[in-house]
Amino acid sequence: MIVITAPTGNIGRRLLSRLLESAPAAGEELRVIVRDPARLPDAVRDRVDVVTGSHGDAEVVDRAFAGADAVFWLVPPDASRTPDAAYTGFTRPAARALAAHGVGHIVGVSALGRGTPVADRAGLVTATFAMDDLLAGTGAAYRALANPSFFENLLEEADSIREKGVFTDSVDAGRKAPLVAVDDIAAVAAGLLLDRSWTGTDNVPVLGPEDLSPDDLARIMTERLGRPVRYEREPLDEVYTTLTGYGLDPAFVQGIVDMKSAKDQGLDAGVARTADTASPTTFAQWCERTLKPAVLS
């Protein structure tokens, strides 16, 4: 029995699709935790065991983890709480249930940067590492998917790219860093959940095929979209002002700002790309498949 949290999100729905194809042949049953089962396609609901509710709720995870052999763990973003509450606080009931039910394996969505000089001041990423430590202490074998920023973050910029030919971030225009497609993360998670021969605790970096700077992204988007696209760097104080203006928790916003600052200081540069840490989807491929339809629609 594999339990999947956040099964309708960017990573979870792709993971669920992969497991629906391969899990039955491996003799695995699937269970999902979802707030609104109606968000699952009818064909999916008929093939999985559905536990309704939040996976931050103690009663819900107690029901969901009973009889489970493995769990895919992803904390949903919650900008109404402090980083510690949003990650460790949300995860604490699950950690108790995982230990109580003797779940053997956990695969969690985490971040790059552990062991770097800025790891202890990286905002949301630092909070994520504390969540990893909590899960690793349950007695289960744990693999933290250590991810850089996602290609999919640029979908939030689709309107600006369409209307102004501009996308923004707060890192230096020439700073190269790994980037990854969420489908590649789902593929790595599926492999770990289906082949549970691993033991102990470790990070599993998922780095994409190459390091890219914002200027590189602008160049590739220009080529693939057939229109000029340029990068504008946004000062961190403007990021803070904009996000708090939306009513987000100030401590959570500071966590975002600290994370962005740490990324600009090399947070994601601490792991070498090898055959084991690289993933296949290129940014150009992702632009053609995903960004271009969003921008040109």
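Predicted model: local features only at pLDDT ≥ 70, side-chain atom pairs only at ≥ 80, totals over all residues.
Five aromatic pairs are present in the structure. One of them joins Phe151 and Trp286, whose ring centres lie 5.8 Å apart with an angle of 45° between the planes, and this pair is tilted. The two residues belong to distant parts of the chain, being 135 residues apart. Phe151 is found in the loop between β7 (149-150) and α6, whereas Trp286 is part of helix α11 (residues 283-296). Both Phe151 and Trp286 are buried.

Trp286 also pairs with Phe283. The centres of these two rings are 5.8 Å apart and their planes meet at 25°; because planes under 30 degrees apart count as stacked, the pair of Phe283 and Trp286 is stacked. Phe283 and Trp286 are three residues apart in helix α11, and therefore about one helical turn separates them. Phe283 is buried, as is Trp286. Through these ring pairs, Phe151, Phe283 and Trp286 are linked into a cluster.

Attention now turns to the serine. Ser160 is located in helix α6, which spans residues 158-164. Its relative accessibility is 19%, and because buried means under 20%, Ser160 counts as buried. When neighbours within four places in sequence are left aside, Ser160 is in contact with Gly165 and Val166. With Val166, a polar atom of the Ser160 side chain lies 2.7 Å from the backbone oxygen.

Technical notes
Residues numbered from 1 in each chain as written. Heavy atoms only, no water. Helix = DSSP H or I, 4+ residues; strand = E, 2+ residues; numbered from the N terminus. Buried < 20%, exposed > 50% of the residue type's maximum accessible area, 1.4 Å probe, protein only. Polar contact = N/O pair within 3.5 Å; in protein donor to acceptor, adjacent residues only side chain to side chain. Contact = heavy atoms within 4.5 Å. Phe/Tyr/Trp six-rings, centres within 6.5 Å; stacked < 30°, edge-to-face > 60°.
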